[in-house]
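This briefing describes selected helices, helix contacts and individual residues of one protein model. Please consult the sequence and the structure shown here alongside the points that follow.

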Amino acid sequence: MPNKNGSDMSPLPINPPEAGSLVALADDLYWMRFTLPFRLNHINLYAFDTKDGWLLLDCGINSEAIANQWAMMLKGPLAGRPICGIIVSHYHADHVGYAGNLAKITSAPVYMGAVEHEQASWGLAQSDEHAGGLLAKTYARFGLSDGVVNRVRQEGNYYRKLAGDLPDVTIIEASQQFETKSGCWLARFDTGHSPGHMSLSDFDRKLHICVDFLLPRISPNISVSLRSIELDMLGHYYKYLSQMLSLDNEWLVIPGHDWPYFGGGIRAAELIEHHNSRLELLRDAASNAGPVSTADAMKVLFAFDLTDHELYFASCEARAHLNHLVARDEMRIEQVAGIDYFHNN
Ligand SMILES: [Zn+2]
């Protein structure tokens, strides 16, 4: 299905799949959409047609609603042929959460990159007490209020509420190729939205399944992990985006949320500009009001009411931006009374 719109970013002119149904994106690639109980209210999952059966990409969270949606697919359009594999792109609960149950139901092998597998294993292994304590300690360093810090300490392991036990996993590397009926998909791994996120490309047909790295509508969340809050995740993401600038408009970009589209290079440029402007806002805030904490930076970047689920992503994203300014030597960090403050250099 060639791009008709020349040089603009344009959605593929196809409606998203209805519940329990598939939409063909290529003769061996099918799009499924499951609902999620968040502001981002759905996830796109994919099924590849291979000589051995269906090869699935991503799973949804571990919930009854997702279980029901998989049951509909497995009894419906995917029935009659075996599930020959399950690829998990990254450790976020909406992608890996139901992998263990899906592997049990289908007996299919699960493929995952080593970094994401380790991150998911770490997230699931935290006791409620340790997970709550780590989040509380991190939020205190961010400068969030005592009320929030004390509330999250009681919350326990939030990741575990959304992600079930991991299945046995076959670890794959960047040279891994998946053969499907009409093509061959090469895996690549990037750091940014998560530490070792997998995307898949069929170069002959110019199809790039970007999963969560090059979304058409929203800016992918770029966050520090609670394990390493000083890492420059945004610096890594800029590297991915700069490589995607060369995606010409013949490429169909196929994301984990919203809709497939042409114009991945244009979208990469937009996202670079988006993050540049966020960095500018933080530099302005620090010059107008003095050093900023991560909580101050979060209020600058996300000026709306946040649920606890959103507070986590917003504060960790604000911190990733501050860290990038430190990495660029445009800010420096000083700790006062246990709170990290960022000063312009
Ligand atoms: Zn994600």
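**Lead: a strand residue and the basis of the model**

Strand β13, which spans residues 252-255, contains Val253. The model is predicted: local features require pLDDT of at least 70 and side-chain atom pairs count only at pLDDT 80 or more, while totals for chains, interfaces and linings use all residues. Residues are numbered from 1 along each chain as its sequence is written. Helices (H or I, at least four residues) and strands (E, at least two) are DSSP runs, numbered from the N terminus.

- Val253 is buried, with 28 other C-beta atoms within 10 Å; a residue is buried if 20 or more other C-beta atoms lie within 10 Å of its own, exposed if 12 or fewer, and partly exposed in between, with C-beta atoms placed from the backbone.
- Apart from neighbours within four places in sequence, Val253 is in contact with His208, Cys210, Leu214, Pro260, Tyr261 and Gly264, where contact requires that the C-beta atoms, placed from the backbone, lie within 7 Å.
- Between Val253 and Pro216, 37 residues apart in sequence, the C-alpha to C-alpha distance is 8.7 Å.
- Ala303 is situated in the loop between α10 and α11, and this residue is exposed, with 7 other C-beta atoms within 10 Å.
- A separation of 26 Å lies between the C-alpha atoms of Ala303 and Gln154, which are 149 residues apart along the chain.

**Helices packing on α11**

- Helix α11 has 20 residues and reaches 28 Å from its first C-alpha to its last, close to the 28 Å expected at 1.5 Å a residue; the expected span is 1.5 Å times one less than the number of residues.
- Helix α8 (residues 233-244) packs with helix α11 (residues 308-327) at an angle of about 85°, and their axes are 7 Å apart. Axes are lines fitted to C-alpha atoms, for helices over the stretch in contact, and angles run from 0 to 180 degrees between N-to-C directions.
- α8 and α11 are therefore roughly perpendicular to each other; this term applies to angles of 65 to 115 degrees, with those under 35 roughly parallel, those over 145 roughly antiparallel and the rest oblique.
- On the α8 side, Met233, Leu234 and Gly235 meet Ala320, His321, His324 and Ala327 of α11.
- The residues of the α8 contact with α11 comprise four nonpolar, three polar and no charged; Ala, Val, Leu, Ile, Met, Phe, Trp, Tyr, Cys and Pro count as nonpolar, Asp, Glu, Lys and Arg as charged, and the others, Gly among them, as polar.
- Helix α9 (residues 264-289) packs with α11 at about 80°, with axes 10 Å apart, and α9 and α11 are therefore roughly perpendicular to each other.
- Arg278, Leu279, Leu282 and Arg283 of α9 make this contact with His321, Leu322, His324 and Leu325 of α11.
- The α9 contact with α11 has four nonpolar, two polar and two charged residues.

- In α5, the buried residues are Ala131, Leu135, Ala136, Thr138, Tyr139 and Phe142.
- Seen down the axis of α5, these buried residues fall within an arc of 165°, so they line one face of the helix; the arc is that of the directions from the helix axis to the C-beta atoms.
- The face of α5 turned away from the buried side carries the exposed residues Glu129 and His130.
- α6 (146-153), β15 (292-293), α10 (294-301) and α11 pack against the buried residues of α5.
- Helix α3 (residues 99-106) has Ala99, Gly100, Leu102, Ala103 and Thr106 as its buried residues.

Technical notes:
Contact = placed C-beta atoms within 7 Å.
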